[in-house]
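These are my notebook entries on a structure that I looked through element by element. I began with the pocket and then turned to the sheet and to single residues.

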Amino acid sequence: MRAVVAFFGLPRCSAVCWPSIERHLLAPLATAASVTVVAHLYRQDRVVNPRSGEDAPLPEANYRPFEAFRTQIEARPLDEPGLLASLKPYGDAWGDGHVSLVNLLLQLRSLHLATALAAAEAPDVVLFARPDLQYHEPLAPAVIDHAASGAMHLGLPAWEAWGGLNDRFALAGSGVYRAYGSRLLLAPHYCIQTGLPLHSERFLAYAMRFAGAQVRTFDQRASRVRVDGSLAEEDFEGRLSPLVRTGPPGP
């Protein structure tokens with residue numbers, strides 16, 4: 001089985017995140033598949049995010065773990081001006097002057113570009129993962145088996161669904177990984193059809209229904225890591241997805 005691990009976004013604190021990525025994502029997947037790693041990352045000198053309270057330099061060392069792989073790094077764009085303008089009239093899901101909407105569009109753009117890198121490897125499964133998370137348990141064999149056993153199978157975290165589906169990381173089968181990774185292209189359709197502002201978790205649920213994905217959730221946890229190495233508070237017990245789960249996390 002050919003598996004691709006596709007990273008996207010911004011590596012905020014690799015000193016904290018990368019050891020957990022190696023231990024809890026790459027190593028378990030390598031027991032079941034031949035693994036290739038690709039990444040699309042944004043380069044910036046400083047992280048300024050009022051929503052997370054971050055305002056600090058981003059050291060170059062955070063990018064080094066990805067230098068051994070097929071990685072594209074580009075300067076972080078200011079926004080997605082054309083798409084942003086078309087989505088603004090539908091509202092601001094976070095009520096922060098569309099700052100979070102801009103960040104979501106940039107994340108989805110990075111995910112889309114990472115998906116193109118993954119597709120070039122003709123994978124059987126794709127593990128999409130943010131590089132700024134600390135992963136707390138190993139990827140469970142049942143999760144790997146689910147994604148590998150059906151082209152439209154998709155595994156997602158059960159926690160923090162926020163009325164939709166958790167979009168932090170995912171393991172997707174060969175027929176659904178493009179729909180997951182390139183859902184940015186569906187963003188205008190979501191807003192036009194629902195009349196609602198773009199919202200990350202609810203948009204993911206919409207996109208996966210549109211694609212016909214067969215979704216199961218799992219309990220593997222991960223915490224957002226800030227640029228200073230601190231962990232964001234997560235709600236692993238509440239806001240759970242009602243979907244059938246693949247089982248408990250691995251030992």
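I sorted the lining of the largest pocket by class and found eleven nonpolar, nine polar and 16 charged residues. For this sorting, Ala, Val, Leu, Ile, Met, Phe, Trp, Tyr, Cys and Pro count as nonpolar, Asp, Glu, Lys and Arg as charged, and the others, Gly among them, as polar. The model is a predicted one, in which local features need pLDDT of at least 70 and side-chain atom pairs count only at pLDDT 80 or more, while totals for chains, interfaces and linings use all residues. Residues are numbered from 1 along each chain as its sequence is written, and side-chain values use heavy atoms, with hydrogens and water left out.

I noted a volume of about 950 Å³ for the largest pocket. On a 1 Å grid over the protein atoms alone, a pocket is an open set of points where a 1.4 Å probe fits, with protein on both sides within 12 Å along at least five of seven lines; lining residues have an atom within 4 Å of a point. Grid points are joined across faces, edges and corners, and the volume is the space filled by probe spheres set on them. The lining comprises 36 residues, and Asn49, Arg51, Gln107, Arg130 and Arg224 lie nearest the centre.

Which element gives the most to this lining? It is α3, with five residues. At least two residues each come from β1, β3 (46-49), α3 (99-119) and α7 (200-211). Helices (H or I, at least four residues) and strands (E, at least two) are DSSP runs numbered from the N terminus.

Entry 2, the sheet. I traced an open, mixed sheet of seven strands in the order β5-β2-β1-β6-β9-β8-β10; two strands pair if DSSP finds at least two bridges between them. β5 (70-75) and β10 (214-218) are the edge strands, each with a single partner, so one side of each has no neighbour in the sheet. From one strand to the next the twist averages 15°.

Within this sheet, β1 (2-9) and β2 (34-43) run parallel and share eight bridges, and Gly9 stands opposite Leu41 in β2. Helix α1 (14-30) lies across β1, β2 and β6 (125-129), at about 155° to β1. Axes are lines fitted to C-alpha atoms, for helices over the stretch in contact, and angles run from 0 to 180 degrees between N-to-C directions. Helix α4 (141-148) also packs on the sheet, where it touches β6, β8 (153-157), β9 (169-173) and β10 and makes about 40° with β9.

I found β3 and β4 (54-57) paired antiparallel over four bridges, with Arg46 opposite Pro57. Four residues lie between these strands, and Gly53 in the hairpin has a positive phi near 80°.

Ala122 has phi near 50°, sits in the loop between α3 and β6 and is partly exposed at 42%. Glu160 has phi near 45°, lies in the loop between β8 and β9 and is buried at 5%.

Key:
Contact = heavy atoms within 4.5 Å. Buried < 20%, exposed > 50% of the residue type's maximum accessible area, 1.4 Å probe, protein only.
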